[in-house]
Amino acid sequence: MKNNNDILQREEFRQNPFTVPEGYFASLEDTLRDKVFAAEKKPAAFVGILKPALMMACSFAVIFGLGYGILSMTGSFADKTQMSAYDEVAAAVENFNPALFEYLDEFDIENYQAMYTPSEEDILNYFATPTMDASLYNYLASLE
Amino acid sequence: MRGYGEQLYWHIRKLVANHDDANDLLQNVYVKAWNAMDTFREDSKLYTWLYRIATNEVLTFLNRKKIINFLSINSNEAAFERKLAADENFNGTKVQLSLQKAVNKLPPKQKVVFSMRYWEEMKYEDMAEVLDTSAGALKASYHHAYQKVVDYLKKDLDIEN
């Protein structure tokens, strides 16, 4: 710090250019003591205790809001006019002819099975018909 | 902690320049020191401990101010000069105002090192204890800061080499 740098060795630079309001230092220690005691006695505010939780809740709300907004704008959410598969089935069922429901209500499955279950004779007649494929007939004959 | 208020005030004031800022920071220092009294170790001097808290408080303040100034569209240097020139608690001459502007341009840590060494004339060993840095690093930092201040003053005060 010599030669050209001697400028900072001037006494003027080292002098304190700052002042304080009148009586400031006379009351400083009391002011500091009062400040410390006030801070010590001051109970933590309820909001202050909840602050971290509130901050977290707000963060989640903001993230959810942003996400919802972006998805809504980009049309990623299902259009309200566009039905889900479940809605489509529900609507189709509602549009069925009521007569179908009445028929299904009265439908007797046991009677249906009895009516349409072929008898042994029916089966034999079926296999005996000449329309039967010859290769199948030969195969069945070979099983005996 | 009684009896250290005035010394700590001047330590802070020389770094932040403004009385109101210095007063607020000093009060914060006392509140923090009081709340952290349990962590104070007897092997360290109370004054050094308080000095360290005050310096950290000032550094936080200066760094925050630096960010605000960075985001501001106004010139930091011009705003600082206007504020200081209008401050009724600043009675400096033109060259003293120039020195304040030069120091204000230093990065916060260099500003602290310069102030402690140049105005407070602290030993590097004592500074090292407060700033938790080696004396060698502080010497280098002070040298850089000193040179920057000299360069600024020569330019601002139009002094020939």
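This is a predicted model: local features need pLDDT of at least 70, side-chain atom pairs count only at pLDDT 80 or more; totals for chains, interfaces and linings use all residues.
1. Chain A first. As for secondary structure, chain A has 8 helices and 0 strands, and reading from the N terminus the order is α-α-α-α-α-α-α-α.

2. Now the contact between the chains. Chain A puts in 21 residues and chain B puts in 26 residues. On the chain A side, the elements giving two or more residues are α1 (11-14) and α2 (24-41). Of these, α2(A) gives the most to the side touching chain B, at 8 residues. Sorted by class, that side of chain A holds 13 nonpolar, 3 polar and 5 charged residues.

3. Over in chain B, have a look at helix α2 (residues 19-35) and helix α3 (residues 46-71). Their axes come within 9 Å and cross at roughly 130°. Angles over 145 degrees would count as roughly antiparallel and 65 to 115 as roughly perpendicular, so α2(B) is oblique to α3(B). The crossing of α2(B) past α3(B) is right-handed.

4. Which residues of α2(B) and α3(B) meet? From α2(B) there are B:L25, B:N28, B:V29, B:K32 and B:A33. They meet B:L50, B:I53, B:A54, B:E57, B:V58 and B:F61 of α3(B).

How values were computed
Residues are numbered from 1 along each chain as its sequence is written. Chains are lettered from A and ligands numbered from 1 in the order in which they are written. Two residues are in contact if their C-beta atoms, placed from the backbone, lie within 7 Å. Helices (H or I, at least four residues) and strands (E, at least two) are DSSP runs, numbered from the N terminus. Ala, Val, Leu, Ile, Met, Phe, Trp, Tyr, Cys and Pro count as nonpolar, Asp, Glu, Lys and Arg as charged, and the others, Gly among them, as polar. Axes are lines fitted to C-alpha atoms, for helices over the stretch in contact, and angles run from 0 to 180 degrees between N-to-C directions. Angles under 35 degrees count as roughly parallel, over 145 as roughly antiparallel, 65 to 115 as roughly perpendicular and the rest as oblique. A crossing is left-handed if the near helix is turned anticlockwise from the far one by less than a right angle, and right-handed if clockwise.
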